[in-house]
Amino acid sequence: MKETKGYQLTDDFLWGGAVAAHQLEGAWQEDGKGVSIADVMTAGSKDHPRIVTDTVQDDQVYPNHWGIDFYHQYPSDLKLFADMGLNCFRTSIAWTRIFPNGDETKPNEAGLKYYEDLFNECHKNGIQPVVTLSHFEMPYHLVKEYGGWRNKKLIEFFTRFAKVCFERFHNQVKYWMTFNEINNQTNWHDPHPLLQNSGLILEDDDNWEEAMFQAAHNEFLASAQAVTIAHQIDDQLQVGAMVAMCPIYPLTAKPEDILKAQRAMEYRYYFGDVQALGEYPQWLLNYWKRHDYEIDITDEDRQTLKSGVVDYIGFSYYMSFATEAKGQTNELTFDEDHDLVNNPYLEKSDWGWQIDPVGLRYGMNWMNDRWHKPQFIVENGFGAYDQLTDDGQVHDDYRIKYFHDHILSMEKAVVEDGIDLIGYTPWGHIDLISASTGEMKKRYGMIYVDQDDLGHGSGRRIKKDSFFWYQKVIASRGKDLSY
Ligand code: P53
């Protein structure tokens, strides 16, 4: 039992939950939907990476095809969310429901209608939708035919999609985000995040890092143009960036370690510099020059970036990292696959994610000092194995503890440090398909979904202990965190 008193946040603070279309909707071929990159990603696990198969194969398992059937069950699921006390709900619009292949000129009306109905249902329940336009679910056709985001044609396709969405939904949705976790492509593993984020399939002679910088630049342009378009359509719209904030600490106080960690942060978060400040940092321009990277950036591009800076910083927060210089004497670089080290002060989740509530406050202050924008925590949560017990309940005290510690840290950042925070939407407040592993058993929810990794089960929704705890937190506007 913890009796900690939290700080009470203001009435307009948004308390929600967060999901992404491809991880919960299912219905992957309904109402004219096209094939997204998530539809050709197989099931994986902690030790076996998901792979992208070029076509859907009979002998493979594709969990995003069924999700948790939210596509059909959203009316009753939204009632549960309202019961929890949510006043906002972050989801994404599956690009392939609106433009099945991505390069059409006319949108698919059935897809637009679906989201219009969904958002209406949200409002009926007193919940405002918060929407990500591109959340790891680009049309696979754009990968195959155009080579993904390294192709500048995608800017036109994306901004057309964005414009259609802003025009249709601007009365229903105020808060938007362009690209989910845009900075989660600075490392190399399978399925390569460059494929998941940017749809790049690399050839042997490609330099992955140069390709990443070019793809990201094209995304920045598309994002900046989307911001400008949104404001033209409705000046009330707020369009945010979305970065994965995993602070990178120096392992020791050795000056070389401090410098290394500083560069690591600069490298992982230059995305925010471009989106919030409208320009590239000088160290990165020098880095490109030294590495002979030729990134296609025009003067017009620079103007576009400047005039389309984001309104706020949306971010996910799950964990922190640590790094050390390891005797580095040559060029100061950061390589996320080789330069991260274990932090001896932190415990890890079963999937190896280091648990660090203090890092949330640290990250918020770091971003505030640098970007001077309102913030929105649009993901935070604890993936764990849950047990449905004989009493038909899920006693997830570990998850309550995780949320307790992180919400308290968030409240200190708001009340003590003065961060302008729009809201908090914990990730996967209803169990859904894991993005990195494709598992169902890596659960984040406060609502349990009776379904296994193969999609078998009753699909029944069950309130976990954390459901009732979060309900109480919201009712007290963050003051009552006791458990
Ligand atoms: P899963 C890596 C590191 C931090 C967040 O992740 C990440 C990832 C990529 O998996 O992704 C975000 O399901 C992402 C969500 C995802 C969630 O975190 O791998 O925006 O789509 O489900 C949790 O445990």
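Hi everyone. Let's start with two helices: α8 and α9 are roughly parallel to each other, because the angle between them is about 25 degrees and angles under 35 degrees count as roughly parallel. Before I go on, please keep in mind that this is a predicted model.

The axes of α8 and α9 are 10 Å apart, and their crossing is right-handed. Who makes the contact? On the α8 side we find Trp208, Glu209, Met212, Phe213, Ala216, Phe220 and Ser223, and on the α9 side Tyr267, Tyr270, Phe271, Val274 and Gln275. Sorted by class, the residues of this contact are 9 nonpolar, 2 polar and 1 charged.

Now pick out Tyr270 on your screens. Leaving aside residues up to four places away in sequence, Tyr270 touches Met212, Phe213, Ala216 and Phe220, and also Tyr280, Pro281, Trp283 and Leu284. Tyr270 also brings us to the core. The largest nonpolar core has 137 residues, and the members that touch the most others are Trp176, Tyr270 and Tyr470. Which helix gives this core its largest share? That is α8, residues 208-233, with 13 residues. There is also a second, separate core of 10 residues, with Leu14, Cys88, Met177 and Ile422 among them.

Back to α9, which spans residues 255-277, and on to another partner, α12, residues 357-371. The axes of these two come within 11 Å and cross at roughly 50 degrees. So α9 and α12 are oblique to each other. Here α9 passes α12 in a right-handed crossing. From α9, the contact uses Met265, Glu266, Tyr269, Gly272, Asp273, Ala276 and Leu277; from α12, Tyr362, Trp366, Arg370 and Trp371. That contact divides into 7 nonpolar, 1 polar and 3 charged residues.

Conventions: Residues are numbered from 1 along each chain as its sequence is written. This is a predicted model: local features need pLDDT of at least 70, side-chain atom pairs count only at pLDDT 80 or more; totals for chains, interfaces and linings use all residues. Side-chain values use heavy atoms; hydrogens and water are left out. A nonpolar core is a set of buried Ala, Val, Leu, Ile, Met, Phe, Trp, Tyr and Cys residues joined through side-chain atoms within 4.5 Å. Buried means under 20% relative accessible area, exposed over 50%, partly exposed in between (1.4 Å probe, protein chains only). Helices (H or I, at least four residues) and strands (E, at least two) are DSSP runs, numbered from the N terminus. Contact means heavy atoms within 4.5 Å. Axes are lines fitted to C-alpha atoms, for helices over the stretch in contact, and angles run from 0 to 180 degrees between N-to-C directions. Angles under 35 degrees count as roughly parallel, over 145 as roughly antiparallel, 65 to 115 as roughly perpendicular and the rest as oblique. A crossing is left-handed if the near helix is turned anticlockwise from the far one by less than a right angle, and right-handed if clockwise. Ala, Val, Leu, Ile, Met, Phe, Trp, Tyr, Cys and Pro count as nonpolar, Asp, Glu, Lys and Arg as charged, and the others, Gly among them, as polar.
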